[in-house]
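I opened my notebook to jot down what I looked up in this structure. Have a look along with me.

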Amino acid sequence: MDIRGLVLINSEAEPETEPNRFGGVPLGLLDVAGKSALMRTAERLRTFGVGPVTAVIEDFSSVPARGIAPGEPGLTSTFTSRDRFWRTAENAFNELVQTGAEIVILIKIGAYQEMDFEKFVQLHLDNNSRVSQLSYEGQPLEVFCISASRRNDAASLFRTRLSKCRVDCPLVELDGYFNPLRNAGDLRDFAIDILSLRTETCPSGIQMKPGVWVAPGAHIEKGARVIAPAFIGSGARIRSGSVITRCTSVERHAQVDCGTVVENSSLLANCYLGAGLDLAHSVAGMGIIANLRRGATALISDYKLIRSTSQAVTPNFLSSARELVSFLPRQLWRGMFGSRVQQPDLNVTLHQTSPALGKAAGYEAPACNTGAADEFPNLVAVRTHGNQ
Amino acid sequence: MEINSRPVVVKRMPERVNARTAREFMQALRPFLVTDRPQLVLDLSQVVRLDAAGVEMLLSCMSAAHKRDGDLKLAAPSPQAYVVLELTRTERLFEIYDTSSDAVRSFSGFLPNTMRQQLLHKRTPTISAA
């Protein structure tokens, strides 16, 4: 039997008012432990023999969606404007039918669910239904199984934006994992669930040691600590002295600078986090920090604290080349004319706060006030993670 | 007994605290910081965006106040301001109160350092060596 998949991602309201977005990007397109909910759904459909999968994605003007959802084998992506979204979705459905599909599984993301699609299709066939709908705890989800021959039923579904079908849809209860992905808290829960292996989907990359997944191209510098469970995405860089702990996921091309502690947080793709900071219980990226414990979202325009790194290859390459070319002359200049750098006094070091704060880092009150700093000047206090 | 008769200056910080506004705010605060034992409360309830420059300014103000045996306390920080203070690990350096009036009251609740030292010295029983 030819079963195809159709996955939709769009916005129904203004980007600023809609809750299921972060920095204007739908949560379904943001990477969590290496892959977005869209990619994970497509992967799951393929696992159950549903394929090929077509994705219809609204082209978000504020953010280049193509950069967020990189292409995956077996997934055909179509980008469309908001006003033509439902027409494009209907056309995509008709195209699937014309190319021989007998059943189409339609999923709008949204929520992420792990349904046994084989069982779903079997129930659909057993009930002899035209359209079947998935539900979770009695609440209908935007997941449908549609018989391809029932084009008019599908058309009515698309024209009412999946809110109403002209025939009765029998509800099939979901028995697998479910995450509504409505806000940053849900995104964080999703990352925790993936890293805690509560989901069937796994973090991408290789498990370097129990509970620590590292994607290819990730660079963890000597002196950095990654404590399980944690995920480091491809091309991500964890600099010396930093600590990644408690279900933290650092997505692709993100950077954590020296001495920063990231605890129970998600660092989104292409995000740079400055040196000597303490990020906890948060989702950070695109110049935004959503602190889940305080329920606050802070926009940060200071490049020393948090910023987006360039996704383009050329600026990154030029920057690296400039660093490489200028390295030797700089070292020679420093060796010949530079003054010898004095080792900082331990007592002074203990009095420092974040290096991101510039000259105020020399504030007189100790940042790590152990009380023993004056008595034992050679004592080194090392903060491991959290409040330890 | 009137414990504290010195004035407590309460200043409200602007909505956006970046390098420029921090410098302007510091200029406005300077006359109060050069007085003897300055007592300052900064109301952060309106702060929506706080940069590292803003946090640096707060630390500089507190440092200047401490140099003159005074103190600087923060009041009613907005959630956004709190996020940045936590991010830069500086929230533990400040005394933070829920409201400005609580912060003002806290100054009269404690004696100045010099008086406290004198009182402690008087009250501490002398232990004579046998």
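Which residues is A37(A) in contact with, leaving aside its neighbours within four places in sequence? I found G28(A), V32(A), I109(A), Y112(A) and L181(A), where contact means C-beta atoms, placed from the backbone, within 7 Å.

Before going on, I noted that this is a predicted model, in which local features need pLDDT of at least 70 and side-chain atom pairs count only at pLDDT 80 or more, while totals for chains, interfaces and linings use all residues. Residues are numbered from 1 along each chain as its sequence is written, and chains are lettered from A and ligands numbered from 1 in the order in which they are written.

**A37(A).** I placed A37(A) in helix α1, residues 37-47 of chain A. Helices (H or I, at least four residues) and strands (E, at least two) are DSSP runs, numbered from the N terminus. A37(A) counts as buried because it has 26 C-beta neighbours inside 10 Å; the cut-off for buried is 20 or more other C-beta atoms within 10 Å, with C-beta atoms placed from the backbone. I also checked R150(A), which is 113 residues from A37(A) in sequence and 28 Å away in space, C-alpha to C-alpha.

**Two helices of chain A.** I then looked at α3 (residues 85-98) and α5 (residues 151-159) of chain A, whose axes come within 10 Å and cross at roughly 160°. Axes are lines fitted to C-alpha atoms over the stretch in contact, and angles run from 0 to 180 degrees between N-to-C directions. That crossing makes α3(A) roughly antiparallel to α5(A), a label for angles over 145 degrees. On the α3(A) side, the contact is made by W86(A), A89(A), E90(A), F93(A), N94(A) and V97(A). From α5(A) come R151(A), A154(A), A155(A) and F158(A).

**A sheet in chain A.** I traced an open sheet of 5 strands with mixed pairing, in the order β16-β19-β22-β25-β30. Strands pair if DSSP finds at least two bridges between them. β16 (219-220) and β30 (306-308) of chain A are at the edges with a single partner strand each, so one side of each lacks a neighbour in the sheet. β16(A) pairs with β19 (residues 237-238) of chain A in the parallel sense over 2 bridges, and R237(A) in β19(A) is the bridge partner of H219(A).

**Chain B.** I counted 5 helices and 6 strands here, following the pattern β-β-α-β-β-α-β-α-β-α-α along the sequence. Buried residues make up 40% of the 130 residues in chain B.

Technical notes
Buried ≥ 20, exposed ≤ 12 C-beta atoms within 10 Å, placed from the backbone. Parallel < 35°, antiparallel > 145°, perpendicular 65-115°, else oblique. Contact = placed C-beta atoms within 7 Å.
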